[in-house]
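Please look at the sequence and the model first.

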Amino acid sequence: MSNLAVNPFSVTKASDFSIEQIDTLWVDLADRRGMTELAKPTSPMPMLILGGKGSGKTHLMRYFSYEAQCIRHAASPLVGIKKDGYLGIYLKCESLDASRFGSNSRFSSELSQLFGYHLELSLVYLLLRTVQRLLITEDTPTRTQASMARDFKALFDREPSLRGRSFEQMADCIDSIRREVDLAVNNCAMTKALNVPISFTRGRLLFGIPEFLVKHLPSFSGVQFQYLIDELELLNIDQQRHINTFLRERRPNCSFKVGSRLYGIKTYETFNDNETNKEGSEFETLKLDHIFRRSPQYRKFCRSLTARRIKTADVDKAISVNESQLLDRLPAYFDKEESPDQGNIQAPAIQASLPKGERPYFRSLQSKLVAGLKLGRCSGLGKASDIEEVIELLRRPEQPLLEKANILAFFKEWADGHNLLRAARTVSSQCQDYLSNRGKSGYYKELLGHFKGDLLAQLRRDCDLPQQYRGIEDFITMSSGLPRNLLNILKHVYKWSIFQGESPFVNESVIGSEAQSKGVHDAAEWFFSDAMARGPEGAAVQQCINRLATLFRGIRFSDKPSECSICTFSACLDSVSKEAKTNIELAENYSLLVKISKGQRDRNSGRIDSKYQINPMLSPLWDLPISRRGAIALSPAEIDAIFGEGGSKAFTSLLNTRLARMTAPTFGKKTKTSSAQEPDLFAK
Amino acid sequence: MDFSLFYKDQVALKDLKAHSWDVFISGFNSSGRVQTIFRAIRSAKKHWLAFPEYGYSADEIPRGCFSSNTREEALYIQSFIEMQGVVLKNARLCVDITGFVRPYLLFLIRFLQENGIREFDAIYTEPVYYREKENTKFSTKITEVRSVQGFSGVHEQDPSHNVLIIGSGYDSDMIRKVAEEKGSCKKIQIFGLPSLRADMYQENVLRAHLAEDALGSDKESRFAPAHDPFITANVLKDIVTPLRARSELKNLYLSPLATKAQVLGFAIYYLWECTNLPASIVFPVAEMYERETSKGMSRIWKYHVELPPGPLASARRRSRRKFRSR
């Protein structure tokens, strides 16, 4: 069986795409008019398009650029653009080499002013080149050209050297001014001089050129000129003020879409009397990853994106089905163990891997009971044969998952100090009831429903099996609103599948569990190291996440987890240390933590606390669940131990205290031997 | 220009005494490689430069050592020349590049060029090994990626056909930062091969692999000897010339992140071939550098560097001539 010519997911960044690929690989959200309705390219209101790394900002902005519009309206771009109602002028801040304007203390104020000038020249140059290309086949009357050239010159305070009347010559004129600025800026460190005459007042060209275009050329009437400025995070505060000033001073037929990472907005201030731009008045915001996380169409969007990638990579026609059939078949390409949710409570893969002889969880229970007896913490048990009886009552050899559920129910009784022999009999009878009458609701069914995922995870660990993160739906959940995360998982899974000798996505082939498991793990490692900025700041946040995930893992694999599917915490952040607050904010900005917008109501005070989920992309690194259910409430002291300066000692103390409450035989209660120990910082 | 015609010599430490210069400049750090050479060199004037990125306090640096808190390479070098009264005209100059922080080294060469220096000697001493092998830490907290002062070109505004050539060293954070900053560029990595020591190539590749994702899919690898600036300059030329001939290169960005010998090669190539092109040398600026990253002294190299006339000085001369002829 032949394979696809290339890994369909090898390119994960829109900046690596050609403009043709931007168009071909574009997949829209299926909500009403999709991204067009959300991004509003015809709106005069400026917009900040924000999102985590890989949320699709660049793809979206390039899709709205003139170059992509031309591909969509290849027959008649001018007519198409008029129909679209906007013309997109795309500029990447990378191309400005903006750092040059901030790296010379001798001329810092002059360079700041020159940056705004240079930015306007760059945008106007792109606009004029775009118009020149658009009108190349149009026959503009000589008189109109002359009028436009006159209007163009009138925008300047100093007569520009315009050699002709065409847009090409106007663009050349702008380019020569820009080059003068570049030369002066580049050489000022060497020459110790910076004298650049300013030829026009701020905003005159940026807003004036669209005005005369509309005045002279009916093709542009009703067209919104959208300046699409990408990668705002590359600009410093002072440089962002220039962009904010343009947003504030915009004219009706011009607007801006400004793309930035979540943490990239450094200021809302302007140079316009130091006024600050306000959301709703000067701009609106589109948070891409937030939209993706909330949209019910996100899953469909991701599946379509995957199918489009596969089909586009199939240049040799190795796949016999069309894109729509491929989309339908997508889940079947990934080997997925039948879930116990579907009535199969026997978990065959686990059963097959269980060691012969006594099962590890019963061995562990027995040793805990023996220890409990010694400590006098086993109410109702007096002798060794009682322990045997308890274990026999909890056995269900054909259903290891139910054995785990029995043990969990038993631990809950034990933690409450009940008679253990009686508790084992009750659990056994509840289990029997559940087996005979599965549809009937009750305590046992509820317990199993809540903790099934965790019990299966514990079973897999008992059997030395890797945790399950398999199938396209799991991968979509893990992407958590960042499509690049999904592409990265698929990239690594595809790579491993080829390595295993499989033919992924070709005809009826299936990607095996090993390739999926290894691919997911590689993608998680990539995300953990790539998401965060390097250096001490990044290392500190990584350490915080490591601590948080270690706590979650400890709870998940404890005897009596306090919450099911734990990957979320809530906390009141008002009284935590400044450092902890900063680290949580950084982790959120870099998408290592996902903020749950509704927060969590505190059980005692009714106060709404902040709530965060650890990004499910990281789950495989600590064997955590990818979907959230329960959340633990952390105290300010606990938050400081995880995210603050407390260091490893404070965290170890927190971890031990928390886990002791979930561990037999003492469940965190003081025994005669431990009562003499020092009180614990985190003990309730 | 065939850069392989430039002179280079391998010199034994004891034989250094056979050479002498008028001015010797060296970057101060705790490495034995740097301090031994400073002691062994015969020169009428010897200058230590302590760079702020090493974080030395006043009592940790040798007497007479120039130091400044500015992290602007132009300001730093110009202040050094002015404050120490360094006379460059007609001087036989030698620069030990081993302990220099890269942007300062680059600017110094550009400064020499604009001040009429057409040739000088550069010393580079190889280590026996890096302290923690491939896990050696070189820099801390990269604050920004920017063009090195004196090495900025006037770029085209066309986003297509931009190329970033990275001299890939051990510092994967630096590779990653510069690759991310120049995200739309095609990336070409130059690895040091032959490396300074046999195992260093593998260590180098292992480290560079950590930045693989930032480098993207449109990337390729080339090789140049880690100890040879002149072959490095030739390799750069061999990469760039065909790309330009095929009109596959609009804007060129060079980022020398590997050995100081290769940094010198990047500078020589830029000054000879790129000053009138849309080309810049870009560098991920770090807040701090480790004071000592290597162990032992291996080969000592003496490179004889020749520079073209400085473009700014030439332009000044041309305009003066023009003025006189009127």
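In which sense do strand β6 and strand β15 of chain B pair, and over how many bridges? They pair in the antiparallel sense, over 7 bridges. The model described here is predicted.

## The sheet of chain B

Strand β6 covers residues 119-125 of chain B, and strand β15 covers residues 300-306. Across this pairing, B:D121 stands opposite B:H304 in β15(B).

Both strands belong to an open sheet of 7 strands in chain B, with mixed pairing. The order of the strands is β1-β15-β6-β5-β2-β3-β4. At the edges are β1 (8-11) and β4 (66-67) of chain B, each of which pairs on one side only.

## A charged patch on chain B

On the surface, a patch of positive charge is formed by B:R118, B:R316, B:R317, B:R318, B:R320, B:R321 and B:R324. Of these residues, B:R318 is placed in helix α9 (residues 311-325) of chain B.

## Aromatic pairs

Over all chains, there are 53 aromatic pairs. One of them joins A:W414 and A:F667 edge-to-face, at 5.8 Å centre to centre and with 70° between the planes. A:W414 lies in helix α17 (residues 400-415) of chain A, while A:F667 lies in the segment after α27 (647-660) of chain A, so this pair ties together parts that are 253 residues apart in sequence.

## Backbone details

The segment after α27 of chain A also holds A:P665. The peptide bond from A:A664 to A:P665 is cis, with omega near 10°. In chain B, the peptide bond from B:L193 to B:P194 is cis, with omega near -5°. B:P194 is in the loop between β10 (186-192) and α5 (200-209) of chain B.

A:K192 is not a glycine, yet has a positive phi of about 55°. The loop between α8 (167-191) and α9 (204-216) of chain A contains A:K192.

Note on methods:
Residues are numbered from 1 along each chain as its sequence is written. Chains are lettered from A and ligands numbered from 1 in the order in which they are written. This is a predicted model: local features need pLDDT of at least 70, side-chain atom pairs count only at pLDDT 80 or more; totals for chains, interfaces and linings use all residues. Side-chain values use heavy atoms; hydrogens and water are left out. Patches are made of residues with over 30% relative accessible area and no salt bridge: like charges are joined within 9 Å, nonpolar side chains (Val, Leu, Ile, Met, Phe, Trp, Tyr) within 5 Å. Accessible areas come from the Shrake-Rupley method with a 1.4 Å probe; for residues, only the protein chains shown count as cover. A salt bridge is a side-chain nitrogen of Lys or Arg within 4 Å of a carboxyl oxygen of Asp or Glu. Lys and Arg count as positive and Asp and Glu as negative; His and the chain ends are not counted. The place of a charge is taken as NZ of Lys, CZ of Arg, CG of Asp or CD of Glu. Helices (H or I, at least four residues) and strands (E, at least two) are DSSP runs, numbered from the N terminus. Two strands pair if DSSP finds at least two bridges between them. Rings of Phe, Tyr and Trp (its six-membered ring) pair if their centres lie within 6.5 Å; planes under 30 degrees apart count as stacked, over 60 as edge-to-face and the rest as tilted.
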